[in-house]
Amino acid sequence: MTNTATRAKKEKITRTVTFKNQAHEDFYQRYLPKCRYQDVYHKALVYCLGIDRDTREHVDRIYDFRTGNVKPECLHEGWQTSGSVKIVRMAFNLYCNGTPSVFEYDDSDTDGQLNEMRCYTVEDLFCCGYARYFWEAIKIRYPEYCFYVDWEDLYAEN
């Protein structure tokens, strides 16, 4: 019987990423190298921020490429649309594993914090025309769950 590690194929796995349009793909190719790391967190963040023209044009108001910090205060800026706030919240959630904009509210403003938390629900984020691209961002962020491989079946002796 051969050791599993020696039987494993050394193949580079490539997956096709669906972009909304050429501007989205160009943004991704341009801004991902500006990130401190090219890991799944940054890939999902940049992918999301490239979906819409508004977020592409205001990317520096949303994310600090030098420090690697998100800028939750951007959600209250005048350029935001109903769609762009969904994109930003999805990007923040995938990048930070949380809801960083909730901390923009004073601790005594529990109603404001709860209302902001509700903006991160699946229903609130996905009930829009960007749902297809949000799902793509999730696949980028969580490939180990979205492209499941049953390793036992893959290497089982017949």
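A residue is called buried when its relative accessible area is under 20%, exposed when that area is over 50%, and partly exposed in between, with a 1.4 Å probe and protein chains only as cover. On that basis, 41% of the 158 residues of the chain count as buried. The model is predicted, so local features need pLDDT of at least 70 and side-chain atom pairs count only at pLDDT 80 or more, while totals for chains, interfaces and linings use all residues. Residues are numbered from 1 along each chain as its sequence is written, and side-chain values use heavy atoms, with hydrogens and water left out.

**Overall fold**

- The chain holds 11 helices and 2 strands, where helices (H or I, at least four residues) and strands (E, at least two) are DSSP runs numbered from the N terminus.
- Along the sequence these elements follow the pattern α-α-α-α-α-β-β-α-α-α-α-α-α.
- With contact taken as heavy atoms within 4.5 Å, 59% of the contacts between residues at least 6 apart in sequence join residues at least 24 apart.
- The chain exposes about 9,900 Å², of which carbon and sulfur atoms supply 49%; the area comes from the Shrake-Rupley method with a 1.4 Å probe.

**Nonpolar core**

- A nonpolar core is a set of buried Ala, Val, Leu, Ile, Met, Phe, Trp, Tyr and Cys residues joined through side-chain atoms within 4.5 Å; the largest one has 37 residues, among which Tyr47, Leu49 and Phe92 touch the most other members.
- Two or more residues of this core come from each of H2, H3, helix H5 (59-62), H6 and H9, and H6 gives the most, with 8 residues.
- Apart from its neighbours within four places in sequence, Leu49 is in contact with Phe27, Thr55, Arg56, Val59, Ile62, Tyr63, Ile87 and Ala91.

**Aromatic rings and charges**

- Rings of Phe, Tyr and Trp (its six-membered ring) pair if their centres lie within 6.5 Å, and planes under 30 degrees apart count as stacked, over 60 as edge-to-face and the rest as tilted; by this rule there are 10 aromatic pairs.
- Phe27 and Tyr31 form a stacked pair, 4.4 Å centre to centre with 25° between the planes, and both lie in helix H2 (residues 22-31), 4 residues apart, about one turn of the helix.
- Phe27 counts as buried at 6% relative accessibility, and Tyr31 is buried with a relative accessible area of 10%.
- Tyr63 and Phe65 form an edge-to-face pair, 4.9 Å centre to centre with 90° between the planes, and both residues are buried.
- Phe27, Tyr31, Tyr63, Phe65 and Tyr95 form one aromatic cluster.
- A charge sits over a ring if NZ of Lys or CZ of Arg is within 6 Å of the ring centre and within 35 degrees of the ring normal; Arg141 has its charged end over the ring of Tyr142, 4.3 Å from the centre, and Arg89 lies over the face of Tyr120, at 5.9 Å from the ring centre.

- In helix H7 (residues 110-118) the buried residues are Gly112, Gln113 and Glu116. They lie on the same side of H7, because they cover an arc of only 100° around the axis, the arc being that of the directions from the helix axis to the C-beta atoms.
- These buried residues of H7 pack against helix H6 (82-96).
- In helix H9 (residues 131-141) the buried residues are Tyr133, Phe134, Glu136, Ala137, Ile138, Ile140 and Arg141, and the buried residues of H9 pack against helix H3 (40-49), H6, helix H8 (122-126) and helix H10 (143-146).
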